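Here is my note for you to read beside the structure. Please keep the 3D view open and find each residue as it comes up.

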Amino acid sequence: MSAPLEGIHVLDLSWVMVGPVSGRYLADLGADVVKVESRGRIDPLRTLGPFKDGKPGPERSISYHNLNAGKRGIAINLKETRGRELVLRLVDRADVVLESFTPGVLETLKLDYPHLKQRKDNLIMVSTSILGQTGPHAMGTSGVGTMGAAMSGASGLLGWPDRAPWGTFGPWTDGVAPRFIVASVLAALHRRSRTGEGCYIDVAQAEAGIQFIAPAYYEYAANGTVPTRRGYAGSPLRCPQGVYPCAEPDRWIVIDASRDEHWRRLREIVGDPLADAKFDGLLGRLRNREELDLAITGWTRTHGAQEAEHLLQYAKVPAHIVSRAGDLASDPHLRAANHFKKIEDPEFGEAEIEGPRVFFARTSLPETRRGPRIGEHSAEILRDVCGLTESEIADLIETGVLA
């Protein structure tokens, strides 16, 4: 059986992470995704590491390949009139357009949704920016996922009460927003299959992040309380629940034994340090949380991380080591699930990136392949999609339109 999105054409005008990740998911499902960039203004992700073998280069970023796997690439100078015309010809063939420009930029190029809709009425277009396309602060506001994390409120919740916020790891909302985008695109494609109508989807990355920290807002809305940094992991209403050090340097394990059945099993494993009657009920454990955490720490520090995880999981106590990159690379479950896939590149050789996030029992998915090199498929796309001749393509190269 063919891939779920086979026959769907996506024009990817986005860069860095949110849009490219969304396009990657659609490519994983079988869509033909064409990425547009130019040598004069390459995707900034190409300049970010890690680079294969530690050698920087626009084709050597493993992050770029991971986020753009399975796509085809075309290099077009959008500032050239004929470059814009080429994009419009690609729009004629597209089912979906993704873009992540600062609000207002595409309007100046007349490539925004109102202009494209006049050309193709059933087009589905997605715009994604930090604050969306509308609202008092949207126009002209730009930024990356670290700004999105700050705007959403996530950064202010991480850290210690007496220190500055230390924020999220990396561009947090860049990882959150694609989940909203892809679900919306799939819904829009389904709707179009029934009604024949396209639509415009506006995803504000900061607002997508707010969905993940909604309980903090609820606390303020309900009680006027502003949640702050607590300096420890876990819920203030669950105990024990937290991150505990293990025997090895900088190795940790997460344990959640707040439910009665899990608490009883943890108590049996740890023994006397948890035997005090004041720990019997949840309320008692919450009142004596610091002492309880110290008692659990006394046990975890005498065990290696993997050993502690095995003992707790065997007893059906929810627990897992805090994974590091090396743990993920060697994880037998991820390996068995084919989460990682090898790619081949003519410049750096072999590397490993993530494979598709889902698998289907009766539906095949395309093989994972590396991201496109700058302009790698320009001639192929212009010939097969736009119907240009070899001499026309050569002229576009010579005049700097394909650049």
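This is a predicted model: local features need pLDDT of at least 70, side-chain atom pairs count only at pLDDT 80 or more; totals for chains, interfaces and linings use all residues.

1. Start at Y113. Its relative accessible area is 12%, so Y113 is buried, because buried means under 20%.

2. **Its partner.** Now look at Y200. Y200 has 33% relative accessibility, so it counts as partly exposed. The structure holds 4 aromatic pairs. Y113 and Y200 make one of them: their ring centres are 5.0 Å apart and their planes lie at 20°, so this pair is stacked. The reason is the angle, because planes under 30 degrees apart count as stacked.

3. Y113 belongs to helix α5, residues 113–119, and Y200 to strand β6, residues 199–204. The pair therefore ties together parts that are 87 residues apart in sequence.

4. **An edge-to-face pair.** Next, find F180 and F212. Their ring centres are 6.3 Å apart, and their planes are at 70°, so the pair is edge-to-face. F180 sits in helix α7 (residues 172–195) and F212 in helix α8 (residues 205–212), so the pair links parts that are 32 residues apart in sequence.

5. **Buried or exposed?** Check how open F180 and F212 are. F180 has 28% relative accessibility, so it counts as partly exposed. F212 has 51%, so it counts as exposed. The cut-off for exposed is over 50%. F180 and F212 also form one aromatic cluster with W172.

6. **Charges over rings.** Which ring does the charged end of R46 sit over? It is the ring of Y64, with the charged end 3.9 Å from the ring centre. Look also at R163. R163 lies over the face of W160, at 4.7 Å from the ring centre.

7. **The largest pocket.** The largest pocket holds about 1000 Å³ of space. Its lining has 31 residues. Nearest its centre lie L157, R230, Y232, A233 and G234. Which element gives the largest share of the lining? The answer is β7, with 5 residues.

8. Sort the pocket lining by class. It has 18 nonpolar, 8 polar and 5 charged residues.

9. **The cavity.** The count comes to 1 cavity of 30 Å³ or more. The largest cavity has a volume of about 40 Å³. It is lined by H9, V10, L11, V34, L90, R93 and A94. The elements β1 (9–13) and α3 (81–93) each give two or more residues to this lining. The largest share, 3 residues, comes from β1. By class, the cavity lining has 5 nonpolar, 1 polar and 1 charged residues.

10. **The whole protein.** Now step back. The protein has 17 helices and 11 strands. Its C-alpha trace spans about 85 × 50 × 40 Å along the principal axes. The protein has 403 residues, and 45% of them count as buried. Y113 is buried too.

11. **Contacts along the sequence.** Take the contacts between residues at least 6 apart in sequence. Of these, 67% join residues at least 24 apart.

Definitions and conventions. Residues are numbered from 1 along each chain as its sequence is written. Side-chain values use heavy atoms; hydrogens and water are left out. On a 1 Å grid over the protein atoms alone, a cavity is a set of points where a 1.4 Å probe fits but cannot get out, and a pocket is an open set with protein on both sides within 12 Å along at least five of seven lines; lining residues have an atom within 4 Å of a point. Grid points are joined across faces, edges and corners, and a volume is the space filled by probe spheres set on the points. Helices (H or I, at least four residues) and strands (E, at least two) are DSSP runs, numbered from the N terminus. Ala, Val, Leu, Ile, Met, Phe, Trp, Tyr, Cys and Pro count as nonpolar, Asp, Glu, Lys and Arg as charged, and the others, Gly among them, as polar. Rings of Phe, Tyr and Trp (its six-membered ring) pair if their centres lie within 6.5 Å; planes under 30 degrees apart count as stacked, over 60 as edge-to-face and the rest as tilted. Buried means under 20% relative accessible area, exposed over 50%, partly exposed in between (1.4 Å probe, protein chains only). A charge sits over a ring if NZ of Lys or CZ of Arg is within 6 Å of the ring centre and within 35 degrees of the ring normal. Contact means heavy atoms within 4.5 Å.
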